[in-house]
Amino acid sequence: MKLLTFKKENQILAGVLMEDEHFVLDLTKAAELSGQDHFPETLLDCIKTGNQIVNDIEKLTEWAEANEEKAREAIYEVKEMQLLAPIPRPLKNVFCIGKNYAEHAIELGSKDDIPEHIMVFTKAPTTVIGHEQLIEAHESVTSELDYEGELAIVIGKKGRAIPREEAMDYVFGYTIINDVTARDLQKQHKQFFLGKSLDSTCPVGPWIVPASYVEDPSKLRIQTRVNGEVRQDSTTDQLIFPLDEIISVLSSGMTLEPGDLIATGTPAGVGKGFKPPRFLKKGDTVEIEIEGIGTLKNTVE
């Protein structure tokens with residue numbers, strides 16, 4: 001199951017990608033046609049209702065397949081719409097985990113840079129864009145724009161001081177994030193926020209896959225390609241701090257809420273790690289593919 005947010009005729013709608021992946025079912029419209037009232041209007045609203053919504057969407061999809069004629073007006077071709085980020089405007093900053101793959105920490109420094117404790121920074125909500133939307137080059141403020149392909153957690157229910165053994169129960173699903181970074185700003189300001197928060201530098205998507213549809217998120221292959229060239233190629237079992245620990249630590253004194261996004265860290269192979277560095281430039285296309293999730297694609301303008 002792939003849940004998405006799309007724009008069609010100036011309307012922003014929540015949908016589910018149908019099996020052939022050429023068509024999307026408009027969830028609110030399908031619910032109305034099937035006789036349901038008060039179905040959540042946005043994907044964030046769906047997430048807020050809890051994991052039961054996944055079962056409701058399964059039933060809606062089954063209804064649409066069994067009632068093709070009646071459901072037709074709620075089914076659109078993918079080529080007719082614009083995919084947005086699944087949560088186009090997060091309610092909070094996007095949480096990000098730094099240096100969470102040992103080889104990435106080493107490529108940016110040395111073995112001494114491998115963290116003993118989870119490193120956390122954030123990206124402003126205004127950074128978020130969707131699949132195939134354009135990443136601004138920001139040439140007036142940076143000459144060192146870099147890519148970082150990452151698996152992202154979507155929190156599904158409110159929690160604080162979440163025990164590690166219960167942490168995965170708080171996950172609604174997974175998506176992909178490109179944590180685009182202005183390395184020179186990051187270095188100049190001695191902290192991450194400005195270098196991580198330029199507008200359009202957090203592509204997210206193309207959709208959310210519910211947790212129940214991902215067999216083992218700790219063993220997913222993650223690959224980043226720039227103009228078709230593989231730059232990053234790893235698996236999520238290489239994370240220094242695994243997903244359950246990330247959730248538990250973040251929530252230790254801070255409340256996590258439905259729709260919160262957590263980027264879990266990037267593998268080795270970022271542009272800054274090459275000698276000489278290979279930063280992004282106008283016209284470059286970045287594709288991040290994660291096994292079982294999909295491919296997030298964006299071009300620098």
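First, a term. A pocket here is an open set of grid points with protein on both sides within 12 Å along at least five of seven lines. Please keep in mind throughout that this is a predicted model.

With that term in hand, the largest pocket has a volume of about 300 Å³. It is lined by 14 residues, and Met1, Lys2, Val16, Leu17 and Tyr213 are the ones closest to its centre. By type, the lining splits into six nonpolar, two polar and six charged residues. Which elements supply at least two residues each to that lining? They are strand 2 and helix 3, residues 52-66. Helix 3 gives the largest share, with four residues.

Strand 2 is worth a look of its own. This strand covers residues 11-17, and five of its seven residues are buried. On one side, strand 2 pairs with strand 1, residues 3-8, in the antiparallel sense, over six bridges. Within that pairing, lysine 7 sits opposite isoleucine 12 of strand 2. Strand 2 also pairs with strand 3, residues 23-26, again antiparallel, and here there are three bridges. Glycine 15 faces aspartate 26 of strand 3 across that pairing.

Now the turns. Strands 1 and 2 form a hairpin with two residues between the strands. Strands 2 and 3 form a hairpin as well, with five residues between them, and glutamate 21 in that turn has a positive phi of about 65°.

The backbone angles deserve a minute. Most residues other than glycine have a negative phi, and most peptide bonds are trans. Glutamate 9 is not a glycine, yet its phi is positive, about 50°. Where does glutamate 9 sit? It is in the loop between strand 1 and strand 2. Is glutamate 9 buried or exposed? Glutamate 9 is exposed, with a relative accessible area of 67%.

Glutamate 132 is another non-glycine residue with a positive phi, in this case about 65°. Its place is the loop between strand 8, residues 128-129, and strand 9, residues 134-135. Glutamate 132 is exposed too, at a relative accessible area of 54%.

On to the peptide bonds. Going from glycine 205 to proline 206, the bond is cis, and omega is near 0°. Proline 206 belongs to strand 14, which runs over residues 202-210. A cis bond also joins lysine 275 to proline 276, with omega about -5°. Proline 276 is located in a loop, the one between strand 17, residues 261-263, and strand 18, residues 285-290.

Last item: helix 8, residues 243-250. Which of its residues are buried? They are Leu243, Ile246, Ile247, Ser248 and Leu250. In general, an α-helix has 3.6 residues a turn, so residues three or four places apart point the same way. What covers the buried residues of helix 8? The cover includes strand 6, residues 94-98, and strand 7, residues 119-123. It also includes strand 11, residues 149-155, strand 12, residues 171-178, and strand 17.

That is the end of my list.

Notes
Residues are numbered from 1 along each chain as its sequence is written. This is a predicted model: local features need pLDDT of at least 70, side-chain atom pairs count only at pLDDT 80 or more; totals for chains, interfaces and linings use all residues. Side-chain values use heavy atoms; hydrogens and water are left out. Buried means under 20% relative accessible area, exposed over 50%, partly exposed in between (1.4 Å probe, protein chains only). Two strands pair if DSSP finds at least two bridges between them. On a 1 Å grid over the protein atoms alone, a cavity is a set of points where a 1.4 Å probe fits but cannot get out, and a pocket is an open set with protein on both sides within 12 Å along at least five of seven lines; lining residues have an atom within 4 Å of a point. Grid points are joined across faces, edges and corners, and a volume is the space filled by probe spheres set on the points. Ala, Val, Leu, Ile, Met, Phe, Trp, Tyr, Cys and Pro count as nonpolar, Asp, Glu, Lys and Arg as charged, and the others, Gly among them, as polar. Contact means heavy atoms within 4.5 Å.
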